[in-house]
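Let's take a walk through this one, starting with one chain as a whole and ending where two chains meet. Keep the 3D view open as you read.

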Amino acid sequence: MTIGIHELLMPTSASANPLIPAVADIVWSAVVFAILLVFFWVKVLPNFKKNIDARTEAIEGRLAQAEKAQAEAAAKTANIEAEQAEARAEAAQIRESARAEGAAILAELKEQASLEAARMAETAKKQIEAERQSAIISLRAEVGALALDLASAVVAQNLKDDKNASSMVSGFLADLEKDSKKN
Amino acid sequence: MLLLTAGFDPFTAGEGEFEPPTIGEFYPEVIAFEGTPFALNRIMLIRLLVTTLLIVLFTLWANRFRKSTATGQFVPGRFQMFGEISLNFVRKSIAHEQLGEKDGDRFLPLLTTIFFIVLGMNITGIVPGLNIAGTSVIGLPIILAGAAYVTFIYAGVKAHGVMFFKNALFPAGVPKAFYVLVTPIEFLSTFILRPVTLALRLMMNMIAGHLLLVLCFTATHFFVLYSDGAFKAFGLLTFTFGFVFTLFEILVAFLQAYVFTLLTTVYIQLSLADEH
């Protein structure tokens, strides 16, 4: 390549040496370079860097935000679950105590009922006993009177006739029967 | 065709005569301010045009970045994305890769400026109507290489003081007697050849590319219009060459911008490194 270029360069005039810069060439190159260097340094790169940094920051910020939200949601869920467990435990406790209370009430009622029954039975027994006693007493009094009646009658008849005595007894018994029927 | 050979002076190419391109291509006639240090010719105008276009394009991007920062709308559009990719190419792939984030950002203004000037000025070599690279005349490569030279020396002195020159010229681990040989070589390679090769590599690539394209298209012009019969077919061949080299020049334009910026970065990195 170099040889080719060299050959191409040869026929030109001595004034046009491509390695020796013209003054205007250097001047315009320097102007162009200076303008663009300042332009990139002052305007383009700062804006570019700021944008890139801001974006990185925004992405990181949003990630952190999402993480925080997730943690919050997890905490909330845990809270709800704990509350639910607590409520469930409470309900179980209430149910348990209600059952116990019911059992207690039932037992009490049963006891009361059996006591009542026992009391009633006792009362009835006492009443029966009292009635029997009064019956015995009244019977004893009546039998006494009857015995006295019989004895007086026997005594009165004996004075007259022995035969009559037996008929008198039978008559007395008949009277007794009548009396009891009348009564 | 006419546009593609616009850099070719029709007056020197006589009717029906094949005139190969000369170095005069790179010294077009002065248009304004002749005889002053601000003499303007076609190539200087191309440089000013590229500068204007770069400023317009990057102002649009910078404003877009500022708007995005101000409004908090961080999802970039297609246009903004393209700007980001362009700037990040220099920032991430070149500066951060070689220098790390801190020093990379420190020298980023220079590196970004060099990359986009070289790319913008190179690409005019294949833009129809312009047809010559702004970097194909030595002035701009000299200014850019000079900026790189000053910057890598500044980086070394800032980091190591006078020790920078000692480390550069008297590398550690070399027996003292060898310094007679090593020091001149190091001086030549570090302080002379680095800037010279930076400038010449760029300019020679652009000159060679331009001459090749002009050669192909003037040959096509000559064969198609002024040759007889079968020779006209050569025109097709030279045109195809010209077309392929145009595509190749796009690659070269980008590659030279990348190489110039990368080497500047590497030189800065070598200056910053503790041991030379």
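Of the 276 residues in chain B, 40% are buried, meaning that 20 or more other C-beta atoms, placed from the backbone, lie within 10 Å of the residue's own. Bear in mind that this is a predicted model, where local features need pLDDT of at least 70, side-chain atom pairs count only at pLDDT 80 or more, and totals for chains, interfaces and linings use all residues. Residues are numbered from 1 along each chain as its sequence is written, while chains are lettered from A and ligands numbered from 1 in the order in which they are written.

The C-alpha trace of chain B spans about 70 × 65 × 40 Å along its principal axes. Chain B holds 7 helices and 2 strands (DSSP runs numbered from the N terminus: H or I with at least four residues for helices, E with at least two for strands). In sequence order the pattern reads β-β-α-α-α-α-α-α-α.

Now look at α4(B), residues 139-160. Its 22 residues reach 31 Å from first C-alpha to last, close to the 32 Å expected at 1.5 Å a residue; that expectation is 1.5 Å times one less than the number of residues.

How do the axes of α4(B) and α7(B) cross? They come within 7 Å and cross at roughly 20°, which makes α4(B) roughly parallel to α7(B). Axes here are lines fitted to C-alpha atoms, for helices over the stretch in contact, with angles from 0 to 180 degrees between N-to-C directions; under 35 degrees counts as roughly parallel, over 145 as roughly antiparallel, 65 to 115 as roughly perpendicular and the rest as oblique. Among the residues that meet here are Phe152(B) in α4(B) and Tyr267(B) in α7(B). That contact divides into 9 nonpolar, 4 polar and no charged residues (Ala, Val, Leu, Ile, Met, Phe, Trp, Tyr, Cys and Pro are nonpolar, Asp, Glu, Lys and Arg charged, and the others, Gly among them, polar).

Helix α7(B), residues 232-272, also pairs with α6(B), residues 179-226: their axes come within 8 Å and cross at roughly 170°, so these two are roughly antiparallel. Their contact takes in 17 nonpolar, 8 polar and 3 charged residues.

Finally, on to the other chain. The contact takes 36 residues from chain A and 42 from chain B, contact meaning C-beta atoms, placed from the backbone, within 7 Å. On the side of chain A that touches chain B, α2(A) gives the most, with 26 residues.

Conventions:
Contact = placed C-beta atoms within 7 Å. Buried ≥ 20, exposed ≤ 12 C-beta atoms within 10 Å, placed from the backbone.
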